Amino acid sequence: MEDDEIEAESRSDSRAGAEDSNGEAAGRKPKLSRKNIFTLVSAASVNFSSMICYSILGPFFPTEAEKKGVNQTVTGLIFGCYALCTLLGSLVLGKYIVQIGAKFMLCAGLFLSGGCTVLFGLLDRVPHGVPFILMCFIVRSIDAVGFAAAMTSSFAIIAKAFPNNIATVLGILEIFTGLGLVLGPPLGGFLYQSFGYEIPFIVLGFVLILMVPLNIYVLPSYDATPSKDSFWRLFTLPKISLLCFLIFSMSSCFGFLDPTMSLFVIEKFHLPTGYVGLVFLVLALFNSLSSPLLGIVSDKMPNTRRWLMVIGGITAALGYCFLGPAPFLHLKSQLWLFVFMLALTGFSIGMTCIPTLPEVVKCAYENGFEDDLSTLGLVSGLYGAVWSFGTFFGPTVGGFLVEKFNFEWAAAAQGGLIFISVLFLGIYYFVEPCFRRPATTSVEENEERAPLLSNHI
């Protein structure tokens with residue numbers, strides 16, 4: 001009965017979109033359907049709850065691991081294996097999203113991730129040494145696969161439900177992602193101080209599990225046929241390769257700060273440990289709060305996406321050079337400059353990353369990929385894999401550079417990586433018109449034939 005109602009809504013939305021395209025209803029503003037509202041609620045719940053469970057480890061797990069005889073290197077690998085397993089999970093699940101089913105994949109991923117979060121809270125009962133380390137790797141890796149399933153299917157569903165407003169919706173969802181990342185550490189730290197190691201994981205794990213029946217109820221089902229296209233064909237498109245390089249560099253710079261920034265702030269500015277969390281908050285807040293506006297600009301003026309990415313990338317590169325600041329700038333480290341650069345970097349990361357997903361989707365359609373859920377699964381899987389590789393590369397290589405040199409040089413090197421990726425993308429956009437062939441049908445014409453065309457925000 002519910003599927004019939006959703007199908008009827010889709011048909012009425014398509015008729016409304018056809019009227020608008022023929023000019024018969026030019027004054028009518030497109031409305032969000034119930035299906036779209038439910039999809040937004042589902043995606044927001046996934047982003048918020050998943051990010052809370054992901055971020056609660058930071059304040060207290062390293063201390064608990066040390067009590068279990070785990071050194072800092074192995075603790076870092078326990079954190080890092082999450083990104084690697086998310087990378088592999090995103091690629092595999094993105095390829096087979098149609099066979100598995102987007103709705104089932106999302107709900108199963110939430111349940112798996114929530115269950116692993118609860119299990120991680122029980123690991124303090126495991127014996128010291130090797131058994132504890134092995135169980136941490138196993139549970140954390142399975143948790144990452146569940147997270148990859150939920151986020152890959154969520155991205156694909158969003159792109160399917162809002163084909164003309166992908167960046168806007170991603171910008172809105174970034175608020176919930178940032179909220180989860182911001183609330184996770186203090187909430188986890190408070191529960192740890194009040195009730196011990198187990199309670200933070202058990203409470204937040206069950207919150208994640210409770211999202212499963214909500215999504216089973218509100219999330220519409222999307223049918224599609226398996227595609228013969230592959231990740232390799234998608235990735236080897238020159239424009240998408242350059243966009244992936246940009247995504248990788250931005251996620252790397254984001255992850256670089258996790259293991260390095262707190263020590264630098266404490267040593268350089270002599271801040272109490274409690275204030276370090278507020279410094280982290282600056283980056284997340286400016287990134288989350290600016291994302292909705294940047295998403296709207298990206299969707300309303302698609303031609304500005306390339307400039308948003310290029311200007312945002314250059315700004316982020318400069319921000320990392322001034323974060324230390326880099327020794328070749330011959331400037332003194334000051335707290336106000338550090339905080340200002342964090343705010344600027346948070347804004348510029350949003351400016352760069354928000355337009356990338358719709359640009360990848362657009363490029364895939366322009367190069368013959370089918371306009372269906374299978375292609376969107378490939379795109380979201382590739383996006384998640386590249387982002388995860390960056391979040392593994394940034395902390396690992398960044399930590400090595402800080403140890404061998406110092407934070408100032410490591411941050412400057414990170415800024416150099418961003419600048420190189422933006423430079424290549426800027427050159428491509430500059431020479432692209434010389435090699436562009438006239439297309440018989442535009443992306444906009446393809447979207448006009450899509451059943452969800454009129455579902456604008």
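Helix α17 supplies the largest share of the nonpolar patch, 7 residues. The structure is a predicted model, in which local features need pLDDT of at least 70 and side-chain atom pairs count only at pLDDT 80 or more, while totals for chains, interfaces and linings use all residues. Residues are numbered from 1 along each chain as its sequence is written, and side-chain values use heavy atoms, with hydrogens and water left out.

The patch covers about 830 Å² and is made by Ile314, Leu318, Phe419, Ile420, Leu423, Phe424, Ile427, Phe430 and Val431. Patches are made of residues with over 30% relative accessible area and no salt bridge; like charges are joined within 9 Å and nonpolar side chains (Val, Leu, Ile, Met, Phe, Trp, Tyr) within 5 Å. A salt bridge is a side-chain nitrogen of Lys or Arg within 4 Å of a carboxyl oxygen of Asp or Glu. Two or more patch residues come from each of α13 (305-323) and α17 (407-435). Ile314 lies in helix α13 and counts as partly exposed because its relative accessibility is 34%, where buried means under 20% relative accessible area, exposed over 50%, and partly exposed in between (1.4 Å probe, protein chains only).

Gln414 also belongs to helix α17, but this residue is buried, at a relative accessible area of 6%. With residues up to four places away in sequence not counted, Gln414 touches Ser249, Ser252, Cys253, Phe256 and Tyr320; contact means heavy atoms within 4.5 Å.

The secondary structure consists of 18 helices and 0 strands, taken as DSSP runs numbered from the N terminus (helices: H or I, at least four residues; strands: E, at least two). Helix α7 (residues 130-161) has 32 residues and spans 46 Å from its first C-alpha to its last, close to the expected 46 Å at 1.5 Å a residue. The expected span is 1.5 Å times one less than the number of residues. Of the 32 residues in α7, 24 are buried.

Leaving aside neighbours within four places in sequence, Phe120 is in contact with Leu57, Phe61, Cys136, Val139, Arg140, Tyr197 and Phe201.

Over the chain, 53% of the 457 residues are buried.

Definitions and conventions: Accessible areas come from the Shrake-Rupley method with a 1.4 Å probe; for residues, only the protein chains shown count as cover.
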